[in-house]
Every structure is written in C-alpha cells, then in structure tokens.
Amino acid sequence: MHRTYSLRNQRAPTAAELSNPIAVPVSSTKTPRFFGPGGLANSFRRTTAGSFGPELARKLAQFVKMEKNVMRAIEACSTERRDAAKQLSLWGADNEDDVSDITDKLGVLIYEIGELEDQFIDRYDQYRITVKSIRDIEGSVQPSRDRKAKITDQIAYLKYKDPQSPKISILEQELVRAEAESLVAEAQLSNITREKLKAAFSYQFDSIREYAEKVALIAGYGKALLELLDDSPVTPGETRPSYDGYEASKQIIIDCENALSTWTFETAAVKPTLSFKVTDYEDELADDVDHLNVEDEQWTEEHQQQPVAA
C-alpha cells in the first residue's frame, strides 16, 4: 500500500476556523448513551417529547428531539463512511500498483468527507441548542397563560353562581395583574422567538454551506485522481504499461488539503441569486427616516426664529 500523504497528518487550522476562532462545542449526541442510535430509540424520543411538558412548548420540543435523531443519523453515517474508506484502502492494497495507489488516495478523500460530517454535527448542534432556547421561553410563558385562564374561569363561575360575591372584585384585580404579566411574557416570547429563530437557522445554513462546498471540492479532486487510472482494455497476454502516477496522486491530495484549509465564506464558489431586491424595503425605510429628520430640523429652525411670548 502506498500511503504517501494523509489529510490528517499534522493538521493545521483552516482559514474558516481562523476567521471564526470560537471553538465549537462537541455535539451532545456524541456522549455515551444507553439506547443507541436505533430506530426504536429515535421513535421513543420523538413521541415522548410531545407528550410531556407545558402545552405551548410540546410541538417545538418534539421538533428538537427529531433534530437530535437527524444528528444521530449523520453521526452514524460519518462513522460508517470512515470505516468504508479504510476498507477501500485495504482492498486496494492487494491489487496492482495503479489500483493500489488510487484506491488508497480515494480512501483518504472519502475519509475526509467522514471527518467533515463529524465536524458538521458539532456545528449543527449549535443550531439545535439555539432552537431549544425558544422551547424554554415557551415553557416559561405557559404558567402566565394558565394563571390568566384560571382566574377568568373563576370569575365566570362566581358571576354565574353568586353574582354578589365580594370575591369577584378581588379576582378582577388579580386578573388585571395577571394580564399585565402575560403581556410582558408574550412580548418577550415574540422578541426572543424571532431573534433565536434567525440565529439558529443562520448556524444551520452556514454549517450546511461549508460542508457542501468542501465536499464538492473533494469530489473534484477525486475525479482528478480517477484520470490517473488507465482503464483502457488489454488483450490476454498483453502487459499493461507501468504506473508512474505516484507523485501526481500525492500532489492532488496536497492540493485538496490546501483548498480545504483556505476555504472561507468570502471565497465560497456558490452565491445565491435572488429574483428580487431584498433591500428595497430597507431602502424605503431609510428614505422615510431621512425625510423625517429633515422635517424635524425644519420645524426646529422655524420655532427658533419665532419670538418668544412675554
């Protein structure tokens, strides 16, 4: 076997990691677990998540659990892919020189895809944890809703059974306070939901974008490796020309590592193209603000020029 270069020997920080030096915590799915990644455990987690806890937070709690199942599936895929890459290299070692070298280098590239999937899980978990914070604030809002509903029911019951009860006025005062608390909680929920939702999916799409573009790079260098493999047919008894692509295959791996290590979002090849201008509304809003500022200055100047009444 001709393993002359590995993507993981003395790995230096990539340009993307240097541009964002904050370390990404290890995914919670990688911790030891009793149930394992099987389908029964996934189904159990998904169904039970929507059955307990505050009513308001149950749907999002179920969504968070489903996303954890997605992460466990990606983790299993990453492990299997790296094992398959090793097996490809082992199989190729018993073949002729060209097949041995190319399969070993292909194994290096496929193993790197598994490594990218492993890194993707850690970044994907940041998205899931951010969504969980929305679930938590939903859970904290539920008691204020329940308290307001309970007081409302008590008032309606007393008005039906004993309209002259002195407790009604006391409960109405409590309802006013409960509604005020509920308004604050609902406003907080509305603000945090939008803030965290935007941040969460920014994490997700950034991680997907980095993973997808790096996999595309690896696929391109993998195709370049295949060009070194002579697949022209030989007749029985004919000797295939000796293989001399060791240096070329090594250089392809080196070039691939350099491309991956220097990749950043600024140098990304894929750029979204929209059929409309997203900033139209922002430009109109900015123009309105500038117009209001001009009117405010004119109003100030006019009132400063008027004589002050005695």
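Select E138 to start: this residue sits in helix α4, residues 97-161. Helices here are DSSP runs of H or I with at least four residues, strands are runs of E with at least two, and both are numbered from the N terminus. The model is predicted, so local features need pLDDT of at least 70 and side-chain atom pairs count only at pLDDT 80 or more, while totals for chains, interfaces and linings use all residues. Residues are numbered from 1 along each chain as its sequence is written, and side-chain values use heavy atoms, with hydrogens and water left out.

**Stop one: E138 and Q188**

Colour by accessibility. E138 is buried, at a relative accessible area of 15%. Buried means under 20% relative accessible area, exposed means over 50%, and partly exposed lies in between (1.4 Å probe, protein chains only). In sequence, E138 and Q188 are 50 residues apart. In space, their C-alpha atoms are 9.8 Å apart.

**Stop two: salt bridges**

Side chains of opposite charge can pair when their charged atoms come close. The cut-off used here is a side-chain nitrogen of Lys or Arg within 4 Å of a carboxyl oxygen of Asp or Glu. The structure holds 11 such salt bridges.

Select E210 and R123. They form a salt bridge, with the closest N and O atoms 3.7 Å apart. This pair links distant parts of the chain: E210 lies in helix α5 (residues 167-226), R123 in helix α4, and 87 residues separate them. Is E210 buried or exposed? It counts as buried, at 9% relative accessibility.

Next, select K159 and E172. Their salt bridge has its closest N and O atoms 3.6 Å apart. K159 is in helix α4 and E172 in helix α5, 13 residues apart, and the pair links distant parts of the chain. K159 counts as partly exposed at 45% relative accessibility. E172 counts as partly exposed at 33%.

Then pick R82, E115 and D118. A network of salt bridges links these three.

**Stop three: aromatic rings**

Show Phe, Tyr and Trp. Rings pair if their centres lie within 6.5 Å, using the six-membered ring of Trp; planes under 30 degrees apart count as stacked, over 60 as edge-to-face, and the rest as tilted. How many aromatic pairs does a search of the whole structure find? The search finds 7.

Zoom to Y243 and Y246. Their ring centres are 5.0 Å apart and their planes stand at 85 degrees, so the pair is edge-to-face. Y243 counts as buried at 15% relative accessibility. Y246 is partly exposed, at 25%.

Move to W263 and F265. Here the ring centres are 5.0 Å apart and the planes are at 65 degrees, so this pair is edge-to-face. W263 counts as buried at 4% relative accessibility. F265 counts as partly exposed at 27%.
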